[in-house]
Amino acid sequence: GIKYDKNLIIRLMSYAKPYWKYFLIAIVLILILSLSELARPYIIKIAIDDNITKAYNGLIASEKAKQGVYKLGIIFFILVITEFIFGYIQTYLLESTGQKIIMNIRNDIFSHLQMLPIAFFDKNPVGRIVTTVMNDTDTLNEMYTEILVGFFQNIFVMIGIIIVMFKLNVKLTLASL
């Protein structure tokens, strides 16, 4: 398995600390996007159950069903546009923040490399050092931007699914009594 170094994690988080407001905004946007993801299937469910099926079974007038589906279509469209805009902002925010963090890390690494004795460079090829620095900082950039997003998005979606399933379970339980 992966061995975690507490000091390394603290040092990495210290690079992110100046940008905590951006990460907070990104987390709020992820929450909004997750709620929006959960709302889309619910809107489709309402369109089918409350309009199309009832009109097909003659429980409501087809004109009323058309108007209901039309209104839900507009809501669905607005939801998709909102998801696109918030998703773009969230991606841009995290990417630019991640790039700033990586720039700070690379500057610190470069400063550290300049302080090393010449003997270090005699024993270690410069190409390998540059490759290691680039690959490691790219991996850190991925951690700050993609893994963080995926983690929070999955948590929010799972919480939303649990809430929806709990409500459905309560409804079904009450209906069966």
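**Notebook: salt bridges, cores and overall form**

I started with D138, which is partly exposed at a relative accessible area of 41%. I use buried for under 20% relative accessible area, exposed for over 50%, and partly exposed for what lies in between, with a 1.4 Å probe and protein chains only. The model is predicted, so I kept to its thresholds: local features need pLDDT of at least 70, side-chain atom pairs count only at pLDDT 80 or more, and totals for chains, interfaces and linings use all residues. Residues are numbered from 1 along each chain as its sequence is written, and side-chain values use heavy atoms, with hydrogens and water left out.

**Salt bridges**

I looked up the salt bridges next and found three in the structure. The term covers a side-chain nitrogen of Lys or Arg within 4 Å of a carboxyl oxygen of Asp or Glu.

D138 pairs with R106, N to O at 3.0 Å. This pair joins distant parts of the chain, with R106 in helix 3 and D138 in helix 5 (residues 126-176), 32 residues apart. I noted R106 as partly exposed, at 25% relative accessible area.

R40 and E83 form another salt bridge, and their closest N and O atoms are 2.7 Å apart. Here too distant parts of the chain are linked: R40 sits in helix 2 (residues 20-56) and E83 in helix 3 (residues 62-115), 43 residues apart. Is E83 buried or exposed? I find E83 buried at 15% relative accessible area, while R40 is partly exposed at 27%.

The side chains of K45 and D49 also meet in a salt bridge, at 3.2 Å from N to O. Both lie in helix 2, four residues apart, which means a separation of about one helical turn. I have D49 as partly exposed at 35% relative accessibility, and K45 likewise as partly exposed at 34%.

**Cores**

I then went through the nonpolar cores, taken as sets of buried Ala, Val, Leu, Ile, Met, Phe, Trp, Tyr and Cys residues joined through side-chain atoms within 4.5 Å. The largest has 16 residues, of which F23, I101, I105 and Y144 touch the most other members. Helix 1 (6-16), helix 2, helix 3 and helix 5 each give two or more residues to this core. Helix 3 supplies the largest share, five residues.

Which residues does I105 contact, leaving aside neighbours within four places in sequence? I listed L12, Y15, T137, L140 and Y144, with contact meaning heavy atoms within 4.5 Å. A second, separate core has five residues, among them I46, A47, L72 and L79.

**Overall form**

I counted five helices and zero strands. Both are DSSP runs numbered from the N terminus, helices being H or I of at least four residues and strands E of at least two. The radius of gyration is 25 Å, well over the 16 Å that the globule rule gives for 177 residues, so the protein is more spread out than a compact globule. That radius is taken over C-alpha atoms, and the rule is 2.2 Å times the number of residues to the power 0.38. The C-alpha trace spans about 85 × 35 × 25 Å along its principal axes.

I noted that buried residues make up 24% of the 177. Among contacts between residues at least 6 apart in sequence, 82% join residues at least 24 apart.
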